[in-house]
Each structure stands twice: as structure tokens, then as C-alpha cells.
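Work through the exercises below with the model open. Each task is followed by a stepwise solution.

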Amino acid sequence: IMVVLLGLGVDFSIHLASRYHEEIAANASIERALRVTLTETAKGVITGAVTTAAAFYTLMIADTRGVKEFGFCAGTGVLVTLAAVLWILPALLAHRTAHRLKKGKIADTARDFAALGRFAEIMGRWNVVVILICAMLTLAGFWAGTQLDWEWNFLNLEPEGLRSIELQDEIIDKFKL
């Protein structure tokens, strides 16, 4: 769960920090940059966190205790991670910006990802082709999914010849389980 929560927490932080740095690069004050970041960009981050938490909470309807606990811990962890990001990140960003301003090290421009912009333009020009390719890949994925065989007995997934697996089978036979 920790890896999932760290990944999501970093994701929340990247969105907020990127918007904040865009505002600072546009010569907004620290206070204005934080206000704009939290009133505009945080809406999407909060929506993403709540829906992710809800998805994890749906695991709580499972029959397996471990899956139920995972769902609760991960869902609650996402919300706690979001709260931590919204609480501490603005203070860290403001402190760093103030410190860099004192040293005269504030960048004049936000980091630019021009290659992504060019890629988006190409995809926009070829939108029908892109949609058709994605539809074909989706259909191919659905077809491939119908070709899968499922192994429901996890003991069959263990390496052959393990004495513990043989004993498991003997116990099942001997006690008629």
C-alpha cells in the first residue's frame, strides 16, 4: 500500500507544484500563485483523489478479509495523503520561493514541454486515424481477454514437486475437505 500511496501523493504534488510554478513564472505573487493553484488546480486533484479512494473502498465488499482491509487502508490512505499534500505542500512551495527570491534565483519562465505540444498537434490533425487505431486496439484487447484460461486453484500455480503442496493435497484427501 505504501508504494501506491507514495505514487499517488507524488502525482497530487506534481500537479499542484506545476501549476504553482506556472503562476510564479507569470510574475504572480506567492500568495496569488497559491490561491490560484488551490482554487483551480486542486479541484481536479481532489476529484481524482476522492474517486481513487472510492475505487479502493469498493474492494471492501469482497469476501476475503485481506482484500477488504486493503480496500479500507488504501482508500483511507489516499484521502490522508491528499490531506497531507494540501496541508504541507503550499507551505513548502511558499518557503522555497521566498528563499529563492532572496537569492535572486527565480526562473523567468515555466518549464516548457514543447515536444508534448507538437505531439498533441499531430494527434489532433490525425484525430480520426488515432480514434480508429485506439478502437481497433480496444477490440483486440477484448478479444484477447476472451482467449485467457483462468487457474482458480492457486496450488496449481506453485512449482511442481514441492512437498508442502503434496502434503496439502494429502490433508484435503485424508480429512475429506
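**Exercise 1. At what angle do H1 and H3 pack, and how far apart are their axes?**

Solution. Take helix H1 (residues 2–25) and H3 in this predicted model. Helices here are DSSP runs of H or I with at least four residues, numbered from the N terminus. Residues are numbered from 1 along each chain as its sequence is written. Because the model is predicted, local features need pLDDT of at least 70 and side-chain atom pairs count only at pLDDT 80 or more, while totals for chains, interfaces and linings use all residues; side-chain values use heavy atoms, without hydrogens and water.

Step 1: the packing angle is about 30°, and the axes lie 9 Å apart. Axes are lines fitted to C-alpha atoms, for helices over the stretch in contact; angles run from 0 to 180 degrees between N-to-C directions.

Step 2: H1 passes H3 in a right-handed crossing (the near helix is turned clockwise from the far one by less than a right angle).

Step 3: list the contact (heavy atoms within 4.5 Å). H1 contributes residues including Leu5, Leu8, Phe12 and Leu16, and H3 residues including Val78, Leu82, Val85 and Leu89.

Step 4: sort by class. The contact of H1 with H3 has 15 nonpolar, six polar and one charged residues. Nonpolar means Ala, Val, Leu, Ile, Met, Phe, Trp, Tyr, Cys and Pro; charged means Asp, Glu, Lys and Arg; the others, Gly among them, are polar.

**Exercise 2. Is H1 roughly parallel or roughly antiparallel to H2?**

Solution. Step 1: H1 and H2 pack at about 155°, with axes 8 Å apart. Step 2: H1 is therefore roughly antiparallel to H2 (over 145 degrees). Step 3: their crossing is right-handed. Step 4: among the contact residues are His15 and Arg19 of H1 and Glu40 and Thr41 of H2. The classes are 14 nonpolar, four polar and three charged.

**Exercise 3. How do H2 and H3 cross?**

Solution. Step 1: the axes of helix H2 (residues 30–57) and H3 come within 9 Å and cross at roughly 165°. Step 2: this makes H2 roughly antiparallel to H3. Step 3: H2 passes H3 in a right-handed crossing. Step 4: their contact has 22 nonpolar, five polar and no charged residues.

**Exercise 4. Where does H3 bend?**

Solution. Step 1: H3 bends by about 30° at Ile88 (the angle between axes fitted to the seven residues ending there and the seven starting there). Step 2: Pro90 follows within four residues. Step 3: just after H3, Gly104 has a positive phi of about 70°.

Definitions and conventions:
Helices (H or I, at least four residues) and strands (E, at least two) are DSSP runs, numbered from the N terminus. Angles under 35 degrees count as roughly parallel, over 145 as roughly antiparallel, 65 to 115 as roughly perpendicular and the rest as oblique.
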